[in-house]
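Have the model open as you read.

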Amino acid sequence: MSLINERQDFSTIADLFLLHGSMQSPAFLDGRLCAGLAMHDLSAEAWLEEICLALGVEQPRDEPSAERFLGWRRQTLEALAGSELGFEPLLPDDLFSLAERARGLKEWTQGFLEVVHDAGEAPREAWSPALREALDDLEGIAGLEDELEESAENEGDLFALTEHVRMAAMLLYTEQHPGRPQVEDTDNDTRH
């Protein structure tokens, strides 16, 4: 099985960054990836170029690394375009502290919004009020206090914010790609 088809998670990508000499979190770049796929169908070549630029390298260190970076892109695109609405931002999981997970969400949102802002005001005019409101909410999440204490309440709040970010990303993708994903098939309803 090719590495490009393996499931990529936060720790796998973070380890790949370390192999390239970078201590940065993959969350910021995943936010950029999601918005790039939604806003302008970010190509595989452009994604590899962006990754290399962010990591400060000329190219991935080897073919398996390039395959993993491309697998990350493919996995994200399939999740955004899939009818099962299973997209999940690439964020630190439960093995990380609440503060680390909050920081990851904040960084993801900042990366996502950076691409949205770079697109300018023109696309925004065609967006639904729900999408504009969701993106405005992301501005608040991007300024999130990320030094959270471990508590059930903070855990619940972080989960809700993560879900809001997830839904905003899917909404942006679906509005920029009408008919994808096809979640309702009203033309083929059979009546008995």
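## The second pocket

Helix 1 is the top contributor to the lining of the second largest pocket, giving 5 residues. Helices here are DSSP runs (H or I, at least four residues), numbered from the N terminus. Helix 1 and helix 5 (98–118) each put at least two residues into that lining. The second largest pocket has a volume of about 290 Å³. Of its 16 lining residues, Phe10, Ala14, Met23, Ser25 and Phe96 sit closest to the centre. By type, the lining splits into 7 nonpolar, 5 polar and 4 charged residues.

A few ground rules: this is a predicted model, where local features need pLDDT of at least 70 and side-chain atom pairs count only at pLDDT 80 or more, while totals for chains, interfaces and linings use all residues. Residues are numbered from 1 along each chain as its sequence is written, and side-chain values use heavy atoms, with hydrogens and water left out.

A pocket is an open set of points on a 1 Å grid over the protein atoms alone, where a 1.4 Å probe fits, with protein on both sides within 12 Å along at least five of seven lines; lining residues have an atom within 4 Å of a point. Grid points are joined across faces, edges and corners, and the volume is the space filled by probe spheres set on them. For residue types, Ala, Val, Leu, Ile, Met, Phe, Trp, Tyr, Cys and Pro count as nonpolar, Asp, Glu, Lys and Arg as charged, and the others, Gly among them, as polar.

## The largest pocket

The largest pocket holds about 580 Å³ of space. It has 26 lining residues, and Glu88, Pro89, Leu91, Pro92 and Thr162 are the closest to its centre. Helix 1 (10–19), helix 4 (63–81) and helix 7 (152–176) each supply at least two lining residues, with helix 7 giving the largest share at 6. The lining of the largest pocket divides into 10 nonpolar, 6 polar and 10 charged residues.

## Helix 3 and Leu55

Helix 3 (residues 44–55) has 12 residues and reaches 16 Å from first C-alpha to last, close to the 16 Å expected at 1.5 Å a residue; that expectation is 1.5 Å times one less than the number of residues. Its buried residues (under 20% relative accessible area, 1.4 Å probe, protein chains only) are Trp47, Leu48, Glu50, Ile51, Cys52 and Leu55. Their cover includes helix 1, helix 2 and helix 4. Gly56 follows helix 3 and has a positive phi, near 75°.

What does Leu55 touch, leaving out residues up to four places away in sequence? Its contacts (heavy atoms within 4.5 Å) are Phe17, His20, Ser22, Gln24 and Phe69. Leu55 has a relative accessible area of 9%, so it counts as buried. Ser22 is 33 residues from Leu55 along the chain, yet their C-alpha atoms are separated by 5.9 Å.

## Arg32 and the cysteines

Arg32 lies in helix 2 (residues 26–40) and is buried, at 16% relative accessible area. Beyond its neighbours within four places in sequence, Arg32 contacts Glu50, Gly111, Phe112, Glu114, Val115 and Asp118.

How many disulfides does the structure hold? There are 0, taking a disulfide as a pair of cysteine sulfur atoms within 2.5 Å. For Cys34, the nearest cysteine sulfur is that of Cys52, 19 Å away. Cys34 is buried at 2% relative accessibility, and Cys52 is buried at 6%.

Technical notes. Buried < 20%, exposed > 50% of the residue type's maximum accessible area, 1.4 Å probe, protein only.
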